[in-house]
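Subject: The structure we talked about

Hi,

Here is the structure I promised you. Have a look at it first, and then read my notes below.

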Amino acid sequence: MKLPVFGFGASRFVLASLVAASHLWSNMPHGYAAYAVWAFFVLSGFLMTLVLTTKYGFDRTGLKAYAFNRFMRIFPLYWLAVIIGLLTLWYYGSVGIDLRPINGEFHMPHGMRDWAYVVTLFPGITRGGLPVPVANALAIEVGFYMLLPMMATSRGAAAFGVVIGMLINLKMGIQPESFGERYATFLPCLLPFAVGALICQYRESLSCIRMPVISCAIWLLHGAVWFFVPGWPWHWGLYVSVLLSAWMVLSLHQQRGGRLDKMLGDLSYPIYLIHTTVAAWFVCACGFARPFMTFFLPAFAATVALSWLIVVLIDRPLSRLKRKPPVHVVEAR
């Protein structure tokens, strides 16, 4: 029997599941969620550079199609998740239950700035309560979607982004006290996006190091370092994870996944968006302790089931509205 070939779809599903587990399981090993978010950033830098240089190009027509398709990919499902989150927060607020023990940002927005951030995901706006608690990383992603057309123009531009990203992180200090700011604010996240853009520019030259199974296994094993060195994720572990994510992305490029791989990839975004809200639905019955068997497993199963419905009923029909890229694009160097 031939085993299925997995590519970017399955990897995105695993990364989204690791982020979900960090909120649905109280004893989740530390580090994996941060590594997964920055792995998503590396993957986005790679894929956006790939499509810009091989499909959309950099003229006005191509960039308009790129921007429209990114908008259609991100915002319709995000706004749906916002509505579900607001209804959930309203209900639990009406019965006096604070959902911040699940995620500290999971509470009602207050004031025009909070609401502007919730609606637009513009990374320059100060944020408060979030009906989609993972929206901060999503806002960073949206911001770099706007900047990637500059980094994708050449190898030099991508390399310059890597250098600037490294300097920003070093300037902030590689210490546990600065981890939150390094990991979850806009400028330091230039590093993983630029790394993704750079390895995309050199993907042919680096094809000799492609090892899909080994690179994925080592990425996962790296998360286990926390068991032996508890402070590792908050020091240099995040940056080692970027290198391992780059190797994994390079290795999975050109893997021809089948229908299962595609479905797993489609599920990853709604899983990322709604898992915290779904977790809240289990609080009354299971409490905030979030053990693996009685909280994580049913909450994650419900998240996957609802995500499947969202993909089939909403996401795939919306994907038909995306614009086709220009017919002739010469790859930039």
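A word on ground rules. This is a predicted model, so local features need pLDDT of at least 70 and side-chain atom pairs count only at pLDDT 80 or more, while totals for chains, interfaces and linings use all residues. Residues are numbered from 1 along each chain as its sequence is written, and side-chain values use heavy atoms, with hydrogens and water left out.

**Two helices**

Helices here are DSSP runs of H or I with at least four residues, numbered from the N terminus. Start with α2 (32-56). Its 25 residues reach 33 Å from the first C-alpha to the last, close to the 36 Å expected at 1.5 Å a residue (the expected span is 1.5 Å times one less than the number of residues). Of those 25 residues, 22 are buried, so α2 is largely enclosed by the rest of the structure. "Buried" means under 20% relative accessible area, taken with a 1.4 Å probe on protein chains only. Just after α2, Gly-57 takes a positive phi of about 80°.

Now α1: its end C-alpha atoms are 24 Å apart, which agrees with the 24 Å that 17 residues should span. This helix is mostly covered too, with 14 of its 17 residues buried.

**The core**

In soluble globular proteins, nonpolar side chains tend to be buried together. A nonpolar core is a set of buried Ala, Val, Leu, Ile, Met, Phe, Trp, Tyr and Cys residues joined through side-chain atoms within 4.5 Å. The largest one here has 101 residues, and Trp-38, Tyr-78, Leu-121, Trp-219 and Leu-273 have the most contacts inside it. α2 gives the most to this core, with 17 residues.

**Two pockets**

A pocket is an open set of points on a 1 Å grid over the protein atoms alone, where a 1.4 Å probe fits, with protein on both sides within 12 Å along at least five of seven lines; lining residues have an atom within 4 Å of a point. Points are joined across faces, edges and corners, and the volume is the space filled by probe spheres set on them.

The largest pocket holds about 1,300 Å³ of space. It is lined by 45 residues, and Arg-12, Leu-47, Met-48, Arg-70 and Arg-73 are the closest to its centre. Which helix gives the most to this lining? That is α2, with twelve residues.

The second largest pocket has about 520 Å³ of space. Of its 28 lining residues, the closest to the centre are Ser-22, His-23, Ala-33, Asn-103 and Tyr-183. Here, too, the largest share comes from α2, with five residues.

**Some single residues**

Is Tyr-66 buried or exposed? At 4% relative accessibility, Tyr-66 counts as buried. You will find Tyr-66 in helix α3 (residues 60-94). Leaving out neighbours within four places in sequence, Tyr-66 is in contact (heavy atoms within 4.5 Å) with Met-48, Leu-52, Tyr-56, Tyr-145, Leu-148 and Pro-149. Its C-alpha atom is 18 Å from that of Leu-121, 55 residues apart along the chain.

Leu-121 touches several residues beyond four places in sequence, among them Ile-74, Phe-75 and Tyr-78.

Finally, Ser-178 sits in the loop between α6 (155-172) and α7. Ser-178 is buried, with a relative accessible area of 9%.

Cheers

Methods. Buried < 20%, exposed > 50% of the residue type's maximum accessible area, 1.4 Å probe, protein only.
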